[in-house]
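Subject: A structure for you to look at

Hi,

Here is the structure I said I would pass on. Open it next to this email and follow along as you read.

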Amino acid sequence: MKSQNQDDIHTPFGGVIPELACRNHTMRILPLIESTFSEAGLSWKDVDGIVVTSKPGLFGALLVGVTVAKTLAMLHDLPLLGVNHLEGHLHAPLLRDATYSPSADFDYPFVGLCVSGGHTSLYNVKGLGKYQLLGRTVDDAAGEAFDKFGKLLGLGYPAGPKLDQIAKAGNRMAFDFPRALMKKGELNFSFSGLKTAGSLKIKEIGPEALTSRLADLCASYQEAIVDALIEKTRRALEVTKLQRLVITGGVSANSRLRHVAEETFSNLGVEVLVPPLRFCTDNAAMIGLVGLRRLQRGERDTLKLTPEAFMKVAELA
């Protein structure tokens, strides 16, 4: 079966269509497993356990993965373990491969900024399975704010990477977009007001002038999101008195966020770990890393494992 990026399926619709996502998972998951074994030169005899993302996310897509994982675990008599999607992201910067490796002394505890299309949260990561929620978005996630604004600008889906690229040619101070919940001591995020302000500004500028102001709009809007993420993260480091920071999730691929984070926190003596782009978005490697570590300490799930679309706010804690 020809390889296909999931964005190719959803782009014509301007966003993720759950039914199409689930159907695509169903058609491709087994051929993908077979091709992975073939490329790696391995077989089921080389497998010691099966781990699978079980929450949170699109229920139908999770259901496909969990059902296949349980079936294969039963068929090959292998231990099974469900992994939390967000826990995977928090450990993605700890992955290693031929061209990337974190410093040998980077270890727990650290502050984790998990920022993606559906989640924007700050954690005190004290160890595997030991998480203290410090702050979270009370409405839209940062990734949603990027994609929704980009859609209004006609950038298509996914809009975040395109907006990032266009913003490089713009003036970050051209428009004064709001930064919400910035009072002293506040660690939560809010991006719904920014999204509304962006929509109103597009209408104010009008379609005739939009093209000439596009780069400035993208740069100013992006700066508002980056400012909020950086300031709340700085406060989290101050509160926890930690000197290690992980920034992870799809939005951690944003070039402006990466630059400002490195510049800001390095000047504060903080060791910053941001994964390479291939580990920023959802990937099996991060789930495998968490699953491997949990399996090694004896954790197991039964065949009663069920997917969950949502999780309680403080569940990781």
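Is Leu 181 buried, partly exposed or exposed? Leu 181 is partly exposed, because its relative accessible area is 33%. For these words, buried means under 20% relative accessible area, exposed means over 50%, and partly exposed is in between, using a 1.4 Å probe and protein chains only.

Before going further, some ground rules. This is a predicted model, where local features need pLDDT of at least 70, side-chain atom pairs count only at pLDDT 80 or more, and totals for chains, interfaces and linings use all residues. Residues are numbered from 1 along each chain as its sequence is written, and side-chain values use heavy atoms, with hydrogens and water left out.

**The whole chain**

The protein chain has 11 helices and seven strands. Both are DSSP runs numbered from the N terminus: helices are H or I with at least four residues, strands are E with at least two. The radius of gyration is 20 Å, close to the 20 Å that the globule rule gives for 317 residues, so the chain is as compact as a globular protein of that length. That radius is taken over C-alpha atoms, and the rule is 2.2 Å times the number of residues to the power 0.38. Along the principal axes, the C-alpha atoms fill a box of roughly 60 × 45 × 35 Å. Buried residues make up 46% of the 317 residues. Now take the contacts (heavy atoms within 4.5 Å) between residues at least 6 apart in sequence: 75% of them join residues at least 24 apart.

**Helix 7**

Helix 7 covers residues 192-205, which is 14 residues, and reaches 20 Å from its first C-alpha to its last. That is close to the 20 Å expected at 1.5 Å a residue, where the expected span is 1.5 Å times one less than the number of residues. Which residues of helix 7 are buried? They are Leu 194, Gly 198, Ile 202 and Ile 205. Seen down the helix axis, these buried residues fall within an arc of 80°, so they line one face of helix 7. The arc is that of the directions from the helix axis to the C-beta atoms. As background, an α-helix has 3.6 residues a turn, so residues three or four places apart point the same way. Leu 200, Lys 203 and Glu 204 are exposed on the other side of helix 7. Helix 5 (142-152) and helix 8 are among what covers the buried residues.

**The cores**

A nonpolar core here is a set of buried Ala, Val, Leu, Ile, Met, Phe, Trp, Tyr and Cys residues joined through side-chain atoms within 4.5 Å. The largest one has 47 residues, of which Leu 153, Phe 191, Ile 225, Leu 229 and Ile 247 touch the most other members. Elements that give two or more residues to this core include strand 3 (110-115), helix 6 (159-167) and helix 9 (255-267). Helix 8 gives the largest share, 14 residues. Apart from this core lies another, of 22 residues, among them Phe 106, Phe 110, Leu 289 and Leu 316.

Have a look at Ile 225 too: leaving aside neighbours within four places in sequence, Ile 225 is in contact with Ala 142, Ala 145, Phe 146, Phe 191 and Leu 194.

**A buried glutamine**

Gln 222 sits in helix 8 (residues 207-240) and counts as buried, at 4% relative accessibility. What does its side chain pair with in a polar contact? The partner is the side chain of Asn 254, at 2.8 Å. A polar contact is a pair of N or O atoms within 3.5 Å; within protein, one must be able to donate a hydrogen and the other to accept it, and residues adjacent in sequence count only if both atoms are side-chain atoms.

Most residues other than glycine have a negative phi, and most peptide bonds are trans. Two residues to check for phi are these:

- Leu 181, in the loop between helix 6 and helix 7, has a positive phi near 55°.
- Lys 241, in the loop between helix 8 and strand 6, has a positive phi near 60° and is exposed, at 71%.

Then there are cis peptide bonds:

- One joins Tyr 108 and Pro 109, with omega about -5°.
- Another joins Tyr 157 and Pro 158, with omega about -10°; Pro 158 lies in the loop between helix 5 and helix 6.

Happy exploring!
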